[in-house]
Amino acid sequence: MAGGNKKVKKAMETIATNINDLPNEVLQYILSFLSTREVVQTCVLSQRWCNIWKFVPTVHVTNETIQHCQKLLDHVIMQRGDVSINTCHLEFVKYFRRENRKANKWIFHALSVCKVKELRVYIQFQDFFLTITNQAIISGYLRKLELDSVKLEANSLDFTSCPLLEELQMGYCIIYARKIVSKSLKRLKMETMFFETEDDDGWPCRLHISVPNIVSLTLLGFDGWTPLFENTPYLAFAIVTFNDECYDTCQYSSFWDCGNEDCEGCYAIGDHLNGSVFLHHLSHTTHMELTNDCRMNMNDSISTIFDRDLKWCPLFRNLKTLLLNEWFLENGLRGVLRILQHSPALEKITLKLYMEPKKIVESEESYGTMEQPFVMNHLKKISVKCQKEVMWVKKIIMTLTQFGIPHQRICVKEIPRSSIYWN
């Protein structure tokens with residue numbers, strides 16, 4: 001029995017390793033989960049800990065003012081030497097315009113000297129957006145960039161100086177530029193954006209986005225004109241939500257043929273007859289979600305960019321899954337029927353029907369010869385999500401069956417109002 005106790009005691013002594021016995025690499029990894037201010041405070045623990053913080057591969061400052069963390073960031077970024085930073089997350093509160101130069105200095109040094117691979121800049125602003133200069137974003141190592149509540153101002157936002165950049169996320173940002181360029185970008189997410197683009201004469205124009213290797217696009221609401229994407233042959237995944245701040249709306253006609261030169265949506269840019277603006281560049285996708293913001297009033301007779309582009313509907317040759325909400329009901333079922341006719345490989349459709357449209361679905365005869373019954377060989381399921389299977393929802397289902405879609409492939413799922421935003 002005594003021998004057994006000795007073995008247990010010896011095993012416990014072996015397990016009870018002091019944190020100071022861990023190698024520096026392990027300590028640096030553990031410290032990377034703390035805020036940078038907490039990491040720096042460990043320098044008072046002992047002589048060994050004096051310099052460990054300098055080699056932690058993350059910089060994480062959150063919920064601090066630029067003035068309060070100036071000395072901290074000068075130490076961990078400006079005086080870091082050639083020690084690399086993998087991720088740098090800077091979240092500032094109470095930003096003031098006079099602090100713009102300091103923030104750009106840290107960003108430039110972190111990217112160009114500290115070789116940051118992932119950078120996130122977030123501003124909980126009062127009255128001003130942090131303006132990041134084009135010259136600050138230069139890096140041969142940056143792979144992911146997240147910007148929130150910042151302003152980007154340049155004739156062209158050229159990210160070719162970041163040849164490894166693959167992911168760009170922007171939220172609540174102002175874009176004062178005519179073009180965004182990146183040859184390496186693969187994933188782009190833009191949410192609640194402000195596009196302020198003008199030509200040399202001060203007239204409004206579209207933001208051109210040149211990202212030829214992009215595979216995933218998420219565009220969730222913006223204030224301004226719909227951006228014009230250039231060649232996107234590899235785009236496979238697209239989620240697009242338009243809101244009522246999009247300038248591409250026609251208030252006089254549901255078919256974008258109002259002929260009223262006072263209509264800014266049709267005539268301010270002057271490309272209303274030049275073919276598809278947006279949908280054409282989604283034609284290679286395998287998964288596509290096209291929705292409007294549920295806060296838009298479906299009883300307002302406003303035609304969206306989706307309705308306009310469907311006049312020149314492209315062939316979605318690779319499309320397998322599609323999600324739509326009530327916007328396509330503005331002109332009966334023309335929107336969804338046009339897309340279905342141009343999607344020969346489509347396998348699954350999800351229709352979110354939570355708000356009753358102004359117009360009740362028309363009969364098959366009212367569509368004329370433009371949308372005739374058709375066969376979809378690959379279609380497996382149409383999932384209809386609604387609060388309740390009321391009469392107008394049933395009419396939509398009936399119309400779909402009249403156009404050749406078997407009723408047994410249509411599945412209705414009732415979603416409670418409290419769960420609308422999560423389904």
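Two strands count as paired if DSSP finds at least two bridges between them. Helices (H or I, at least four residues) and strands (E, at least two residues) are DSSP runs, numbered from the N terminus. The model shown is predicted, so local features need pLDDT of at least 70 and side-chain atom pairs count only at pLDDT 80 or more, while totals for chains, interfaces and linings use all residues. Residues are numbered from 1 along each chain as its sequence is written, and side-chain values use heavy atoms, with hydrogens and water left out.

View 1. Of its 423 residues, 48% are buried; buried means under 20% relative accessible area, exposed over 50%, and partly exposed in between, with a 1.4 Å probe and protein chains only. Contact means heavy atoms within 4.5 Å. Among contacts with a separation of 6 or more, 66% are between residues 24 or more positions apart.

**View 2. An open sheet of four strands runs in the order β7-β10-β12-β14, with parallel pairing.** At its edges stand β7 (156-158) and β14 (228-229), each with a single partner strand, so one side of each has no neighbour in the sheet. Strands β12 and β14 pair in the parallel sense over two bridges. Here I209 has F229 in β14 as its bridge partner. Strand β12 (residues 208-210) also holds S210. Is S210 buried or exposed? S210 is buried, because its relative accessible area is 16%. Beyond its neighbours within four places in sequence, S210 contacts K179, I180, V181, S182 and E230.

**View 3. Strand β6 (residues 150-153) has side chains that alternate between two faces.** Strand β6 pairs in the parallel sense with β4 (residues 130-132) over three bridges. Strand β6 also pairs with β9 (residues 174-176), again in the parallel sense and over three bridges. L152 stands opposite I132 and also opposite I175 in β9. Strands of a sheet pair through backbone hydrogen bonds, either parallel or antiparallel.

**View 4. T131 is a residue of strand β4.** T131 counts as buried because its relative accessibility is 19%. Leaving out residues up to four places away in sequence, T131 touches Y95, N100, N104 and K151.

**View 5. Helix α8 (residues 334-341) is mostly covered.** How many of its eight residues are buried? Six of the eight are buried, namely G335, V336, L337, R338, I339 and L340. These buried residues pack against β16 (287-292), β17 (321-324), β18 (348-353) and α9 (391-402). An α-helix has 3.6 residues a turn, so residues three or four places apart point the same way.

**View 6. The largest nonpolar core contains 108 residues.** Such a core is a set of buried Ala, Val, Leu, Ile, Met, Phe, Trp, Tyr and Cys residues joined through side-chain atoms within 4.5 Å. L73, M170, L282, L290, L351 and L353 touch the most other members. Not counting residues up to four places away in sequence, L353 touches E326, F328, L329, V384, K385, C386, Q387, W392, V393 and I396.

**View 7. L279 lies in the loop between α6 (264-267) and β16.** L279 is buried, because its relative accessible area is 0%. L279 and I305 are 26 residues apart in sequence and 8.9 Å apart in space, C-alpha to C-alpha. Apart from neighbours within four places in sequence, L279 is in contact with L290, F306, D309, L310, P314 and F316.

**View 8. The largest cavity holds about 50 Å³ of space.** On a 1 Å grid over the protein atoms alone, a cavity is a set of points where a 1.4 Å probe fits but cannot get out, and lining residues have an atom within 4 Å of a point. Grid points are joined across faces, edges and corners, and a volume is the space filled by probe spheres set on the points. The whole structure has two cavities of 30 Å³ or more. The largest cavity is lined by T36, V39, V40, W53, V56, T58, V59, V76 and R80. Helix α3 (36-41) and strand β1 (58-64) each supply at least two lining residues, and α3 gives the largest share, three residues.

Terms used:
1 Å grid on protein atoms, 1.4 Å probe; cavity = no way out; pocket = protein on both sides within 12 Å on 5 of 7 lines; lining within 4 Å.
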